Amino acid sequence: MALASSVKVVLGSIAFATFWILAVFPAVPFLPIGRTAGSLLGAMLMVVFRVLTPDQAYAAIDLPILGLLFGTMVVSIYLERADMFKYLGKLLLWKSKGAKDLICRVCLISAISSALFTNDTSCVVLTEFVLKVARQHNLPPHPFLLALASSANIGSAATPIGNPQNLVIAVQSNIPFGKFVLGIFPAMLVGVCVNALLLLCMFWKLLSIQKDVEDATGEVVEEDDVISHRFSPATLSHSASFNSQELNSRLEAKSVLGSPVVENLRNRVPSAETEIKRVSSAGAFESARNSSASKTEETNDVASPKKEETVAPKRTPSKERLRDTCTTTESMEGKQNLITKWRRMLWKSGVYFVTIGMLVALLMGLNMSWCAITAALALVVLDFKDAWPSLEKVSYSLLIFFCGMFITVDGFNKTGIPSTLWDFMEPHAKIDHVSGIAVLAVTILVLSNVASNVPTVLLLGGRVAASAALISAADEKKAWLLLAWVSTVAGNLSLLGSAANLIVCEQARQSPHLAYNLSFWSHLKFGVPSTIIVTAIGLTLIR
């Protein structure tokens, strides 16, 4: 594609540069509007500058990708409510054998959860839990936070639903879910192991230090001590709420305390002191009335209805009757709690069953977007209550961010600049040669850290695949998988390389009583060698 007119090239570059600055640096002093608004601003400028027509802008929005992203978010939210991440936390602590064992478990669990529930979700949910595990074992949190973030990025490369750029690649390439997993899974598995070894080698001495005196502020991690989350990697925010079981127990307690049985019992069982006063006053009243004069009797006859109405003694229930009533109430409460427990167990089983069904449908090669949306709506119906408390956790700002990014990147493609640059790079980036694969990997690695991984995939994906398709169909598939692998692992290079890294950093810094600052340079010292080694090893295993 030739370059467009000079005016369109300049204006399109300005619009894309605006989007890029706000996407990479969302809090720039001169325009601190954030990533989501920045993407919409870039899209609006593409239309205002006439780089795209309004119809072209609407057509640039990829609805299948948005549907797949929305569906996976909703499924992950219901899995969190069904205590899936609590069970992952139990697995992390089960028969742990020290710091080195813990760091390997963090790598493994982070990778698996990221492949199934996206890397951003895993980092949001597990960061504070990892901090508490490190505090409980009196260990430095730095290597564990690096293990969580880096393994989440590596693990998310294994499936099309692991991260946003893989969603884009899966939809644009039409590679079936199963073939996508088989193509990258060996590289992911070896990559996670190599990443864990690098962590052990780099922090061996630090993890070997055993302190005699434990930190006085250390806390014991509860089994269900995992925070709930809001899926908003575009804004890096989350909302803490009660654990699902704790919330259910509080609601049950309120319903029992306010039940008609307990209220009736309260009304029927007055205090002993009040009953004694009532009985004694009633006896005095009867003796006074019998010995009074007739005139007084007439007066009392007029006034007695009101006094009898207010003072007449009630029959006091016996201790046995009170005990029987309390026993009945406790029995009803026990039955109600048992029923609630079984209902929740059945609901959780249903959530897991629907999720497994979605994965089976994806492996069968069915449409990924509609599989995810169908599973999401099945979980909403299964919950059998107002879905808004769950749906409000969906990061709609991220969906809007993607809409603006689709339009902005499509407008930048219309300027012809990406095609011109690729025409220069293509002869040196043929994937049928080792040197070509190396050049392509370095290009993707640099662009993913400069322009972010999703825009890089949108800019290069079609061109890399078209170039590889001229060689063979197998090479076209391999090109897409190489793009998925390198653009994902590239996020480990620096703290700004992926949203998952920033989520771990911000979550750790803002954690109450457990705050830890993971600095840019401390991440870079590990990120550079890990990214280069893991990427290189993975390139040899992808088929």
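Mentor: Helices (H or I, at least four residues) are DSSP runs, numbered from the N terminus. The expected span of a helix is 1.5 Å times one less than its number of residues. This is a predicted model, in which local features need pLDDT of at least 70, side-chain atom pairs count only at pLDDT 80 or more, and totals for chains, interfaces and linings use all residues. Residues are numbered from 1 along each chain as its sequence is written, and side-chain values use heavy atoms, leaving out hydrogens and water.

Trainee: What is the reach of helix α24 from its first C-alpha to its last?

Mentor: Helix α24 (residues 499-510) has twelve residues and reaches 16 Å, close to the 16 Å expected.

Trainee: Why is L496 called partly exposed?

Mentor: Buried means under 20% relative accessible area, exposed over 50%, and partly exposed in between (1.4 Å probe, protein chains only). L496 has a relative accessible area of 42%, so it is partly exposed. L496 lies in the loop between α23 (473-489) and α24.

Trainee: Which residues of α24 are buried, and what covers them?

Mentor: Among the buried residues of α24 are L502, I503 and V504. Their cover includes α2 (34-48) and α25 (520-541).

Trainee: Which residues of α2 are buried?

Mentor: They include G34, G38 and L45. What covers the buried residues of α2 includes α24.

Definitions and conventions
Helices (H or I, at least four residues) and strands (E, at least two) are DSSP runs, numbered from the N terminus. Contact means heavy atoms within 4.5 Å.
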